[in-house]
Amino acid sequence: MDALQKLLFPRAAVRGETVTLHDAFNRAVEHQHLPLAVRRLAGEVTASALLAAAALEFDGTVLLQIAGDGPLKLLVAEVRPGLVFRVSVTLRNDAGDIDPNATMNDLVNAHGQGRCALILDQTGRDPNMQPYQGVVSLVGDTFAEVMTNYFATSEQVETKIVLASDESGVGGLMLQKMPLLGGKTLPEDFDEEGWHRLKVFAQTVKSEELLTLDPEEINRRLFWEESPNVTLEVTPRFECRCSDEGVKQMIRSLGEEEANAIVDELGAVEVTCHFCGHTRRFDKTDVAALFAGTDDLPKTIN
């Protein structure tokens, strides 16, 4: 049940997105063998990245990442056009056993040094231009509160977010009050109380519903009286963009001497993708062929 549905409430000037992930998210993290508390947080960050990407309708890649001073060093969720996503989690070497009930602050904000960044990397971006990046502190007890704070402080957009994540799946719902700018006039039937009423409805959604129902059913239960317009229905999917050629280029950048030194020490150059877990292995013959320009595809270990 991997699905996202986007709604528009024209009378209230509010947009909404609801997402559920099961098989796709399980495939995205299965090779990372995450502790339960870390998996839950990874699910919330991934759901938030998909919700943000759907809301922004951005022509490019949306990255949402958190980094801090707890046992979780870095968590990155990346969403490409078509809501194709991947996620990577890096734990500290001394992370030790992590309590299944550890909170976000326990994991990544132990001493108040945690940060959340939303990065927009436009398709066809001039290499001399940096992607847009908004960064905020991890203010709040939950990641939903962090994202609410991000949109309020960095984007000046009133937002309501509800997230749920466990060992079986991920779910999330986001409402945003649309800015009335650019000389736009309010509709004749503008509902001044619509935003506040929709927030109250969203608050009633249960974690169990976000984790077991599809977005269409969730939205029907919450908002059926509001008659929203469905503006998008799509299936998010996990897909990594690591490639044989990308790894080859990385090894070429090391130089033949250093690459051979690694082979002499370790027996081969092995490169593992943090996002999908695939390992590409280059032995002495592969490295020689690589620098001679006659290389075939590398050996891949799943």
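Student: Is F238 buried or exposed in this structure?
Tutor: In this predicted model, F238 is buried, and its relative accessible area is 18%. That value counts as buried because the cut-off is under 20%.

Student: How many aromatic pairs are there?
Tutor: Searching the whole structure gives three aromatic pairs. One of them joins F85 and F238, whose ring centres are 6.3 Å apart; the planes make 55 degrees, so this pair is tilted.

Student: Which strands hold F85 and F238?
Tutor: F85 belongs to strand β5 and F238 to strand β11, so the pair ties together parts that are 153 residues apart in sequence. F85 is buried as well, with 0% relative accessibility.

Student: Why is the pair of Y150 and F151 called edge-to-face?
Tutor: The planes of the two rings stand at 80 degrees, with the centres 5.4 Å apart, so the pair is edge-to-face. Y150 is buried at 1% relative accessible area, and F151 is buried at 3%.

Student: Let us turn to the sheet. What is the order of its strands?
Tutor: The open sheet has six strands in the order β7-β6-β3-β4-β5-β11, and the pairing is mixed. Its edge strands are β7 (132-137) and β11 (237-238), each of which pairs on one side only.

Student: Which helix packs on the sheet and touches β5?
Tutor: Helix α2, residues 36-56, packs there, touching β3, β4, β5 and β6; its direction makes about 35 degrees with that of β4. Helix α4 (residues 143-153) lies across β3, β6 and β7, and runs at about 125 degrees to β7.

Student: How do β3 and β4 pair?
Tutor: They pair in the antiparallel sense over six bridges. Within this pairing, A67 stands opposite L74 in β4.

Student: Now for charges. How many salt bridges are there?
Tutor: The count comes to 17 salt bridges. Among them, D121 pairs with R125, where the closest N and O atoms are 2.6 Å apart. D121 is partly exposed at 23% relative accessible area, and R125 is partly exposed at 29%.

Student: What does R237 meet in a salt bridge?
Tutor: The side chain of R237 meets that of E239, at 2.5 Å from N to O. Both residues also belong to a network of salt bridges that links E78, R80, R86, R237, E239 and R241.

Student: Where does R86 lie relative to F275?
Tutor: R86 lies over the face of F275, at 3.8 Å from the ring centre.

Definitions and conventions. Residues are numbered from 1 along each chain as its sequence is written. This is a predicted model: local features need pLDDT of at least 70, side-chain atom pairs count only at pLDDT 80 or more; totals for chains, interfaces and linings use all residues. Side-chain values use heavy atoms; hydrogens and water are left out. Two strands pair if DSSP finds at least two bridges between them. Helices (H or I, at least four residues) and strands (E, at least two) are DSSP runs, numbered from the N terminus. Contact means heavy atoms within 4.5 Å. Axes are lines fitted to C-alpha atoms, for helices over the stretch in contact, and angles run from 0 to 180 degrees between N-to-C directions. Rings of Phe, Tyr and Trp (its six-membered ring) pair if their centres lie within 6.5 Å; planes under 30 degrees apart count as stacked, over 60 as edge-to-face and the rest as tilted. Buried means under 20% relative accessible area, exposed over 50%, partly exposed in between (1.4 Å probe, protein chains only). A charge sits over a ring if NZ of Lys or CZ of Arg is within 6 Å of the ring centre and within 35 degrees of the ring normal. A salt bridge is a side-chain nitrogen of Lys or Arg within 4 Å of a carboxyl oxygen of Asp or Glu.
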